[in-house]
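Visitor: I am new to this one. Please show me the structure, and then I will ask about a few places in it.

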Amino acid sequence: MNTALSLAAIAAVCAATALIAINGLRISRTTDDFYVASRTVRPWWNASAIGGEYLSAASFLGVAGLIVLAGQDALWFPIGYTAGYLMLLLFVAAPLRRSGAYTLPDFAQIRLGGRTARTTTGALVVVVGWLYIVPQLHGAALALEIAAGAPGWVGAGLVMTVVCVTVLSGGMRSITFVQAFQYWLKLVSLAVPLVFVLLRLGAEGISPTAEGAAFGPGPATGAGFGLYGTISLILALLLGTLGLPHVLVRFYTNPDGPSARRTTVLVVGLLSLFYLLPIAFGILGRTFATDLPDAGTADATVLLVPERILGGMAGDLLGALVLGGAFASFLSTSSGLVVSVAGVISQGLFHGTVRGFRIATVLSCTVPLALALVSGSNALAGSVGAVFAFTASTLCPLLLLGIWWRGLTSAGAVAGMVSGAIACGTALLSAAAFPDLPPLAEDLFSQPAAWTVPLAFAVMVGVSLSTRARGEEAIDRVMARLHTPER
């Protein structure tokens, strides 16, 4: 890649992000502005913003890389990422908006009462948020290394610096404008190069797929997921979406429940449109980037395909455009996660003030940066899939049972979340620490959602049935708030 053009593209994206965020400072004054944009974000803006923050490094870079590695098995990632929003639409979006909460811990306290459920939920939101930020920083490190040969800490530090400035400028109000802009930038940055690449291949009569190669495991690895792994992955992606804190917080910004539903419908359309593009790049990568898996850089497929097919100045320009879109994905997802984590930390430790939110923002940026600098990953979509499994095993049962089952108690919710966190966390850490496990154990530990999610639900239900719930009148009041349609 052309280093000068690549750095210019990164600088332009970072500058545009900062300028839009600083402009939002003019209209961000109150606590409501910082936490939920005063609940005035309309469906189209909100859907674009959700698309901006949800399409992370795993979507922009990781999907194409996994298709190169695992072929058709990797298609479950974009399918699961998108279908998870159908679950949100059906079961969570409108009731969560009607709850009146600022954050997921707020919802836990409103629904269950007491501080224990709130504290446990807050701790899990912070853990999930930090774990999800780390792959974004790994993606930034990879992209800047490919583009300019810079050490990994430069890319991670640049992203966290811009995100910190962005969030400090105006909280949720500023982030909404930034993320909406970044969704369309990401879409254009993949669509335009893909059009030119396909026109070039068509003009030269070159097939975009490998001759005689089935769309099975990748040309260099032979890796696949298997039946159990596929089922567990689908479960993690479908249910994990329901508990992602940076996604859930955006539904608090809608004016009412119906607009939250309309937002979700629009998001499904925007995500479906976007995921066609990295899938296409992945298919092209199976022919024109078959050396990347051996080098451990399959996630760089979308960055390198335009240059390899087009070459010359056209390849450099389009490669720089893709790189700009990649940095937009790192920035938008990280900023959404920082907002959600900072909101929880601020309310838990700093009484929910604007000043407390800003202190929490700095803390929320510093910890994942440190984690990213001492860790490494060459499989962005896979590492994000692990976060989805953890979320599906902890926060998802709280939401589904809290909204739809009046029998859930505080003790049951806490027991279920803690059981799911311990089981899923132990499994994922074991898979990472012991790479030579027997095949069955490796499947169970590396893709644990198929057994940790049922475990969390079972513990929540079992403990709830054996403990005392809040008073009937209090439960009736909360359930009525969640399920009574607004006029």
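Visitor: Does Ser 332 count as buried or exposed?
Guide: This is a predicted model. Ser 332 has a relative accessibility of 0%. Under 20% is the cut-off for buried. Therefore Ser 332 counts as buried.

Visitor: Which residues does Ser 332 touch, not counting those up to four places away in sequence?
Guide: Start with the element. Ser 332 lies in helix H15, residues 312-349. Leaving out residues up to four places away in sequence, Ser 332 touches Gly 52, Glu 53, Gln 179, Gln 182 and Lys 186.

Visitor: How many residues of the contact of H10 with H21 are charged?
Guide: H10 brings Tyr 228, Ser 232, Leu 235, Ala 236 and Leu 239. H21 brings Ala 449, Ala 450, Trp 451 and Val 453. These divide into 8 nonpolar and 1 polar, and the number charged is none.

Visitor: How do H8 and H19 lie to each other: oblique or roughly parallel?
Guide: Helix H8 (residues 116-148) and helix H19 (residues 410-433) have axes 9 Å apart. Their packing angle is about 25 degrees. Angles under 35 degrees count as roughly parallel. H8 and H19 are therefore roughly parallel.

Visitor: How many residues of the contact of H8 with H19 are polar?
Guide: The H8 side is Thr 116, Ala 117, Thr 120, Thr 121 and Leu 124. The H19 side is Ser 410, Val 414, Met 417, Val 418 and Ala 421. No charged residue is counted, 6 are nonpolar, and the polar ones number 4.

Key. Residues numbered from 1 in each chain as written. Predicted model: local features only at pLDDT ≥ 70, side-chain atom pairs only at ≥ 80, totals over all residues. Heavy atoms only, no water. Helix = DSSP H or I, 4+ residues; strand = E, 2+ residues; numbered from the N terminus. Buried < 20%, exposed > 50% of the residue type's maximum accessible area, 1.4 Å probe, protein only. Contact = heavy atoms within 4.5 Å. Nonpolar A, V, L, I, M, F, W, Y, C, P; charged D, E, K, R; others polar. Axes fitted to C-alpha atoms, helices over the stretch in contact; angles between N-to-C directions. Parallel < 35°, antiparallel > 145°, perpendicular 65-115°, else oblique.
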